[in-house]
Amino acid sequence: MNIVACVKQVPDTEAQIKVKPDGSGIDEGGIKWVMNPYDEFGVEEALKMKEKFGGDVTIVCVGPARAMETIRTALAMGADKGIHISDPALENADAYTTASALAAAIKGVPYDVILCGQRAIDDDSGQVGSVLAELLGIPQVTVVTKVDVDGQKVKVVRPIEGAQLVIESALPAVITATKGLNEPRYASLPGIMKAKKKPVDVKDAAALGVSADAKAKVGKFIPPPARPPGKIICADDTPEGKAAEVAKLLREEAKVI
Amino acid sequence: MEHIPFSVGNEGRQVFWNAEHFELWLFLFTFVALGIFAYGIYRRWQMWAAMGKPEIRWDDTKERLKLLLRDGFLQIKTFKDPYPGIMHGLIFFGFVVLIFGAAFDATEFHITEPFGIAFLRGWFYLIFSFTMDLFGLAVLLGVLMALHRRYITRPDRLAYRGESDSTADDAIALLLLLGIIVTGFVIESLRIHVTQPSWEVWSFAGYALSKAFVGVPAETAKAMHAWTWWIHTFIVLGFIAYIPYSRLLHMITVPANHFMQNRKPVGTIEPIRDFENAESFGVGQLDEFTWKQIFDADACTKCGRCQDGCPAYLTGKPLSPKKLVQDLKTYWLEKAPAAVMAKKLADEPAKWPYLGKKWPILNTIDFIIDFLLAKTKGMPTGAPAEKALVGEAIELHELWACTNCMYCMENCSASIEHVPKIIAMRQYKVLTEADFAPELQLTYRNMENNSNPWGVGSHLRGDWAKDLGVKTLAEDPNVEYLFYVGCSGSFDDRGKKVSVAFAKILKEAGVSFGILGAEESCCGDSAMRGGNEYLYQTLAQANIEVMNGYGVKKIITTCPHGYNALKKDYPHFGGNYEIYHHTEILADLIAKGKISLKKSMDGVFTYHDSCFLGRYNNIYTQPRTILGAVPGMKLVEMERNLAKSFCCGAGGARMWMEEEGQRINNTRAAQAIEVKADVIAVGCPFCLTMMSDGIKDNKKDEEMKSLDIAEIVWKSMDLEEEPEPVEVCAAPAE
């Protein structure tokens, strides 16, 4: 069974994000880059499938040169090879362009399952997995917490509000992972060392025949306004009094109810 | 041979009295006993040599001989515990004297007397007789104390969770000792009864016992004497022959282990040097230990000193250092014979033609020996089951329960090194297998991504000092000291208060210092002790690069874990600095009058020794001196203190792991409650957290608190109004 896992490199959740003064992007100085946590669930699931059914796990990533580190992280966890789509022209790629690049790269590898994170924690767009499935013309099952592959079929669990859906799909398919699917493994040291020698193909947009023109462009990055200080409700000591005060403030000050 | 008759003025006794004709037989039996002894040692030697990586532990022989004298002969480590120390001392020193005495007898009888020189005569004989009886009684008392302890009082340290460790071997060893002494006295008293020399009142024990034989005819007594003489001889020879096959072997392995004891600073862990090419890291198989680490296990006498203060064992965890070492020994005993054979075949196949084939005599002897050993020591017979070292012989729960508190090593009377073995096996689980607790994985990811175990953004590291006017080395590198704050002091709310108090003291005392701010990295102690040597080295190198870049020479830490790592482990990677713990600096500032403690601190204080400060770095007095300088304070000691202090439970990466069952910190806090302390003073941020939580869990947070020494000093300096507790719901201003 051949599995493809798509990964993206994103700033660490604790990193201090500073918007460049001209609003053209974020200041990358001092940022610790990590694998998108949702993608990590995807990689872990891919490795589990490999352990169960055999085959190869290929990591595909669109990102600048630094993203190679994230590919190596996935290889250290146990993936077999990587494709790094690195092109300055793709720097401001939107979800569609990214998915097109991934699709073009994936067409060149045999696959039975494609795993993606349900969204990336930096731009939160949540589209790449779905667009990728459309471009490849295969089914998609998204935001899943359980995956069972059975022959040429896959059965997944997708939590929805107050319930969960059990969805069955033919393979190959794109599956997008969310928290709860698994606990990503900690890479072993021999794994880390071996990862340095595993093959990674570096390709640019031209080699894949992908247009780098983004359909959606970011106009400007604006930092969120500073959060105003909190307020302690003191008007009355009783729970009822406090609740009344909260309701009053929500209506009159915050104007949300 | 004739000699001058014994008389008053020429006191003495005839050696081999009533046993003149036994000499030849005695030599024969002695030869056999020594043969059995030598064969046992030979077999054991081969087993020691068969497994493990090489390690040199005999460099600097002169210093090592001193250690052998101190711990082996003078038994300093054994005497740390009064009852067992005295018990063992009576037997050991008793036998040393008795053996010297026997050697005197033999020298006179076989060497000097044939030349007409008899030195065991007159007053020397009388003193000699008195001494021998005295030390004979000492051994007797020691053996009776041992029997009483092992079979009557049965302290928990001679068991594991109520299940006694005692095997037939223990009883045999003690009964042999008892037999030697009792028969020795009986022989002496029968001789005195028959020969009746007036001066034998000096052999006071034998003389007193001879009164029991009053009325026994001389001939009967002589026959009894001859029988007892043989029984005595066989017990002695049996004892000698039994040594290599029994716990008595500790007479050889323990002194050897003292001679080979670690001479590096306490707790130093040899760094892994080759990450690139190795396929396996740490110890996953017995053979990956050094031979000395395995030899350690063979030196263990299961005395249980380690178990007596092990925080994991005492709070019901599966770990007991004694059990761990004994399990290792059993595992080694199962594996070693095959390794001996493999080594022989690999080394010199031509020299051992019989190996692997039937070689009846030796095989039969070995079979009999092994069978008897199995019976006396409760070891399994037959082929050992194939089991893994890590996870089966040593269970993972045991491996991960260790807090690295160093109690076991500090108190081991055989110089066994438990902690490095545990770390080596953890390294295997973490680095090679990447199979370890999820919460520790999260901690390591946090340390990788944000250089602190909590995973708080690393850019916030210096924020605690924002309003204090403390400069970073980037702003001003020309300072005397770097204050290496560490993760707790930078990110933990409680720890930050300690950093603030300490920085204020330094400023007040006019000490020139700076911090690294966001350039500082985690010290890596928890990674290293949790088996993640790779992560630890990454962090250490990041720190060293920055520190060396600023030309840092002196460093102060408020955290003993950083203190220990920077002091002992960073030199491995080119980080050589003078390291001070803040209690050393504070004690010095007080002594020099740079700060004065004015405000009286009422209440009962108790100082909880941090393991990494006390046992690891021998800093016991400074914190107590500082507290002693605080006016009004009543300082009391908990029962477990100084080198026998009880761990808070946070060391060895345990700070970041879930704890099952009774919590170590609650147990320690309860010990402070027992001495009616109002404040638990600490010198370690991990201890601070653990004690604060322990106080809460004991429901004492209304009346008790835990404070760092720096906080106590700053309060007592009385330079700052104590901030009023913020009234969150004060009446609104009209």
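How much area is buried between domain 2 of chain B and domain 3 of chain B? In this predicted model, the area is about 2,100 Å², of which carbon and sulfur atoms give 60%. Buried area is the accessible area (1.4 Å probe) that two parts lose on being put together, summed over both. On the side of domain 2 of chain B, B:Thr315, B:Trp400 and B:Thr403 lose the most area to domain 3 of chain B, together 24% of what that side buries.

The model is predicted, with local features needing pLDDT of at least 70 and side-chain atom pairs counting only at pLDDT 80 or more, while totals for chains, interfaces and linings use all residues; side-chain values use heavy atoms, without hydrogens and water. Residues are numbered from 1 along each chain as its sequence is written, and chains are lettered from A, and ligands numbered from 1, in the order in which they are written.

Chain B is divided into domain 1 (78-239), domain 2 (286-359 + 383-432) and domain 3 (439-717), with bounds from an automatic or database domain assignment. The C-alpha centres of domain 2 and domain 3 of chain B lie 34 Å apart. Contact (heavy atoms within 4.5 Å) joins 24 residues of domain 2 of chain B to 30 residues of domain 3 of chain B.

One salt bridge is counted between domain 2 and domain 3 of chain B; the term denotes a side-chain nitrogen of Lys or Arg within 4 Å of a carboxyl oxygen of Asp or Glu. B:Lys317 forms a salt bridge with B:Glu659, with the closest N and O atoms 3.0 Å apart.

Turning to the two chains, the contact takes 21 residues from chain A and 24 residues from chain B. The area buried between chain A and chain B is about 1,900 Å², and carbon and sulfur atoms give 56% of this area. A:Tyr186, A:Leu189 and A:Met193 supply 38% of the area that chain A buries against chain B, more than any other three residues. Two salt bridges are found across the interface of chain A and chain B. A salt bridge links the side chains of B:Arg445 and A:Glu40 (2.4 Å, N to O). Helix α5 (residues 189-195) of chain A gives the most to the side of chain A that touches chain B, with five residues. Helices (H or I, at least four residues) are DSSP runs, numbered from the N terminus.

Conventions:
Helices (H or I, at least four residues) and strands (E, at least two) are DSSP runs, numbered from the N terminus.
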